Amino acid sequence: MRVVERTLRVNFESPEAFQQEYATNLAHGGVFVPTEETAEPRERVRVEFFLAFSGDRFTLAGEVVHSIAPERAELGAPAGIAVQFEGSAEMVRKRLEPLCAISGAPAPKPTDAGRRCAPRARARVSAQLTDRDGDVDVQT
């Protein structure tokens, strides 16, 4: 198992901010951490959460699945690191249920039965395919 060397921090100033992040990301097994830092895909990290409105802290370990460097953030997306937590989304939800109660809202009832899922979107990217001899077959 790889050693976790980096800790990313996320602060929630209000219960509403935590509830929103829980419903959109945390309950599905991940989080996007706005930061100027960069990370390599599959890098293991810890994400430390601080709920300023209650004084609670918790940490979840995970793996980097996407990183947007500051120089690419100029294209419209915020700079940061997307992390998928270890374990199933259902395990993450069970760990966070007490914090949902502290935030003053009931935990949303996800419909994914514990599987991680995200809406699919079309993406168009430039690509060039070459055969084993290095000849270009297709370029889009």
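A nonpolar core is taken here as a set of buried Ala, Val, Leu, Ile, Met, Phe, Trp, Tyr and Cys residues joined through side-chain atoms within 4.5 Å, where buried means under 20% relative accessible area, exposed over 50% and partly exposed in between, with a 1.4 Å probe and protein chains only. The structure is a predicted model, in which local features need pLDDT of at least 70 and side-chain atom pairs count only at pLDDT 80 or more, while totals for chains, interfaces and linings use all residues. Residues are numbered from 1 along each chain as its sequence is written, and side-chain values use heavy atoms, with hydrogens and water left out.

The largest nonpolar core holds 24 residues, of which Phe 18, Val 47, Phe 49 and Phe 85 touch the most other members. At least two residues of this core come from each of S1, helix H1 (15–24), S2, S3, strand S4 (56–68), strand S5 (80–85) and helix H3 (89–102), helices (H or I, at least four residues) and strands (E, at least two) being DSSP runs numbered from the N terminus.

Strand S1 (residues 6–12) presents Arg 6, Leu 8, Val 10 and Phe 12 on a covered face, and Thr 7, Arg 9 and Asn 11 on an uncovered one. This strand pairs with S3 (residues 44–51) in the parallel sense over seven bridges, pairing requiring at least two DSSP bridges between two strands, and Leu 8 stands opposite Val 47 in S3.

Thr 38, in the loop between S2 (30–34) and S3, is partly exposed, with a relative accessible area of 44%. The C-alpha atoms of Thr 38 and Ile 68 are separated by 7.2 Å, although these residues are 30 apart along the chain.
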